[in-house]
Amino acid sequence: MSLRDTILQADDIAEEVVDVPEWDGVKILLRAMNGKQHAQYIDVVTSDDTAHRYADILINSAYDPDTRDLLFDPADRDALMEKDGGVLMRLSLIVIRELSGGDVADVAEELDENPTSDGS
């Protein structure tokens, strides 16, 4: 197998099953964002409208641990944002800090400290 094939076939997406006691004790599978999702999230955190930040992370990163299907789709965005903010933030931070390398968290924190920042 070529080096290229080895790289492209590598299973390199980190994941973790997380207990969510606030949601009736369910367990969800959180997966790191792939390159495309990561780039889209950077667009979200550097835009003027970050009101759905947590929902956008979970739409791309929360899976059913049994079926491995995504739990949410973009139509769930507003409904997700009605859930407990602390829970949403905790799950989002697991995805962006622990599973996706953390650099996205730095951008998000900068934006939270300076809402007019363009992320650069």
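Two strands count as paired when DSSP finds at least two bridges between them. In this predicted model, β1 and β2 are joined by six bridges and run antiparallel. One of the contacts along this pairing sets E16 against L30, its bridge partner in β2. The hairpin of β1 and β2 has five residues between the strands, and D24 takes a positive phi near 60° there.

Strand β2, which covers residues 26-31, is also joined to β3, here by two bridges and again in an antiparallel manner. On this side L30 stands opposite A62 of β3.

Taken together, the three strands make an open, antiparallel sheet in the order β1-β2-β3. Its edges are β1, residues 15-20, and β3, residues 62-63, each of which pairs on one side only. Helix α5, spanning residues 85-99, packs on the sheet and touches β1 and β2. The direction of helix α5 makes about 165° with that of β1.

L3, I7 and L8 make a nonpolar surface patch of about 360 Å². L8 belongs to helix α1, which runs over residues 3-9. Residues count as exposed when their relative accessible area is over 50%; L8 has a value of 60% and is therefore exposed.

Notes: Residues numbered from 1 in each chain as written. Predicted model: local features only at pLDDT ≥ 70, side-chain atom pairs only at ≥ 80, totals over all residues. Heavy atoms only, no water. Helix = DSSP H or I, 4+ residues; strand = E, 2+ residues; numbered from the N terminus. Contact = heavy atoms within 4.5 Å. Axes fitted to C-alpha atoms, helices over the stretch in contact; angles between N-to-C directions. Patch = residues over 30% accessible without salt bridge, like charges linked within 9 Å, V, L, I, M, F, W, Y side chains within 5 Å. Areas by Shrake-Rupley, 256 points an atom, 1.4 Å probe, with all protein chains shown as cover. Salt bridge = Lys/Arg side-chain N within 4 Å of Asp/Glu carboxyl O. Buried < 20%, exposed > 50% of the residue type's maximum accessible area, 1.4 Å probe, protein only.
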